[in-house]
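Hello,

Here is the structure I promised to pass on to you. Please open it alongside this message, and then read on for what turned up.

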Amino acid sequence: MTRPVDPSTTTARAGLGRGDTGDGVDLVAPLSLASVRAYADLPSVDEAMEGRNTYRRYGGGNPQRLEEALIELETVRGRAAPVARVTSSGQAALLLAATLVVTPSRPRVVVVRPCYGGTDALLAGPLGNLGVRMSTVDLPPDGSGDHGALVAAALGPDVAAVVTEVITNPLIGLIDVPAVAAAAHQAGAAAIVDSTFTPPVLLQAFAHGADLVIHSLTKHLAGHSDVCGGILLVDTAHEASDWLDANARLLGCNLSPFDSWLALRGLRTAGLRIERCSENAAALATFFGGRSELQAVYYPGIRGDRDAALAAKLLDHGRGAMLSIDLRGGGTAADAFIRGLDGIRLAPSLGDVATTVSYPTSTSHRGLSPQQRAALGIGDGLVRISVGIEHIDDLKAEFDAALVAASAG
């Protein structure tokens with residue numbers, strides 16, 4: 001095609017050939033479960049070892065097809081395509097990223113919070129035991145402040161990277177990623193962006209200063225709660241791209257062929273799913289905004305003029321499927337609200353094709369003390385909602401009944 005291809009077109013055709021040969025090609029990507037290949041002689045195995053299909057740990061076959069599809073989605077027009085490796089989870093993608101940027105002279109990683117609880121737990125825990133030092137920058141819960149300046153104040157010559165989300169988990173705040181990335185670069189550090197809440201059909205993080213981009217494939221990209229996987233993409237302009245393949249082979253954290261096949265299948269509907277989920281989430285943010293049972297609604301772009309301008313700048317294709325609500329009455333009200341739901345299920349994850357809710361206090365942020373959660377703005381009444389593709393009237397009706405149940409106690 002001579003014109004730019006919309007992301008929904010790219011996702012629908014992900015991993016497929018054109019059928020140019022006389023015998024044609026399968027209309028779905030083939031699945032190969034072999035963990036190793038055999039060769040006829042030494043020259044042939046020696047040549048094959050330079051590629052990725054010799055041994056499953058090297059990540060060829062189905063994982064490579066998935067990578068190629070996601071590279072196409074994340075490639076910013078006019079720039080070189082990034083390199084990528086799919087991993088066994090989003091956490092494994094962060095682990096792989098850390099091995100690419102942390103050095104003895106730069107052992108510190110700065111984490112912008114609120115964020116997924118597993119991010120700082122991994123860096124402060126297992127990686128901390130290996131010498132990685134973690135610092136945090138806690139953004140104001142109301143979304144105020146100069147994000148770039150707040151991050152810059154925490155940086156120094158010992159910082160290897162700044163890790164930030166685009167939309168924070170679980171408070172659904174929008175981070176000024178270009179400003180955070182600029183601060184990181186000023187200090188000679190890499191900008192690692194967790195874009196799980198903003199798949200590339202909504203935002204290409206490389207266009208906003210990211211050097212490394214992480215997605216949890218488990219969530220919106222695969223979309224059906226039957227895959228656990230992640231992906232790390234690295235800008236080829238960054239030196240870390242030179243080490244991605246070697247480090248991934250040595251760590252052995254690659255995604256399995258079957259999970260790769262399932263993720264590629266899910267990716268083909270991601271454009272439509274994410275569009276519908278985003279529309280539903282926007283409608284629910286308005287619906288919840290007028291409810292007396294709630295003391296706060298968290299959704300990108302509703303925290304004032306600065307937040308609205310940032311949302312218009314970064315998320316002009318939709319603001320994603322995530323929002324959170326804070327119920328008056330704390331944990332008791334949250335429990336009554338969740339019990340009052342019918343078809344909407346409680347699950348410690350997100351990104352399913354159907355709507356789910358999560359309770360951060362006992363799931364993603366259970367490792368924090370009540371005081372630590374309170375400092376981040378995560379109260380006992382907070383419920384995170386991952387919006388699905390259901391009809392919006394049905395979602396409103398079910399949430400209305402649950403709010404009435406929460407109010408009744």
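Predicted model: local features only at pLDDT ≥ 70, side-chain atom pairs only at ≥ 80, totals over all residues.

Let me start with the open spaces. The largest pocket has a volume of about 730 Å³. Its lining is made up of 27 residues, and those nearest the centre of this pocket are Val-5, Pro-7, Pro-200, Gln-204 and His-317. Four helices each supply at least two residues of that lining: H1 (7–12), H3 (62–74), H11 (270–289) and H12 (305–314). Helix H11 has the largest share, with four residues. Sorted by class, the lining of the largest pocket holds 12 nonpolar, nine polar and six charged residues.

The second largest pocket comes to about 500 Å³. Here 25 residues form the lining, and Gln-91, Tyr-116, Asn-169, Ser-216 and Lys-219 lie nearest the centre. Helix H4 (90–101), strand S4 (159–165) and strand S6 are the elements that give two or more residues to this lining. Of the elements, H4 gives the most, namely three residues. The class make-up of the second largest pocket is nine nonpolar, 12 polar and four charged residues.

A search of the whole structure turned up three cavities of 30 Å³ or more. The largest cavity has a volume of about 110 Å³. Its lining counts 13 residues, with Leu-139, Pro-140, Gly-143, Thr-168 and Gly-173 nearest the centre. Seven residues of that lining are nonpolar, four are polar and two are charged.

The second largest cavity has a volume of about 50 Å³.

Next comes strand S12, which covers residues 382–386. This strand is mostly covered, with five of its five residues buried. Leu-382, Arg-384 and Ser-386 point one way from S12, while Val-383 and Ile-385 point the other way, and all are buried. Which strands pair with S12? One is strand S9 (residues 322–327), which runs antiparallel to S12 and is joined to it by five bridges. In that pairing, Asp-326 stands opposite Leu-382. Another is strand S11 (residues 356–358), which pairs with S12 in the antiparallel sense over three bridges. There, Ser-358 has Arg-384 as its bridge partner in S12.

Last, have a look at His-220. This residue is found in the loop between strand S6 (212–216) and strand S7 (230–234). Is His-220 buried or exposed? His-220 counts as buried because its relative accessibility is 6%, and the cut-off for buried is under 20%. Leaving out residues up to four places away in sequence, His-220 touches Thr-196, Phe-197, Pro-199, Ala-270, Arg-273, Ile-274, Ala-321, Met-322, Leu-350, Gly-351 and Ser-386. One of these contacts, Ser-386, belongs to the set of residues that point the way of Leu-382 and Arg-384 from S12.

Best wishes

Note on methods
Residues numbered from 1 in each chain as written. Heavy atoms only, no water. 1 Å grid on protein atoms, 1.4 Å probe; cavity = no way out; pocket = protein on both sides within 12 Å on 5 of 7 lines; lining within 4 Å. Points joined across faces, edges and corners; volume = space filled by probe spheres on them. Nonpolar A, V, L, I, M, F, W, Y, C, P; charged D, E, K, R; others polar. Buried < 20%, exposed > 50% of the residue type's maximum accessible area, 1.4 Å probe, protein only. Contact = heavy atoms within 4.5 Å. Pairing = 2+ DSSP bridges.
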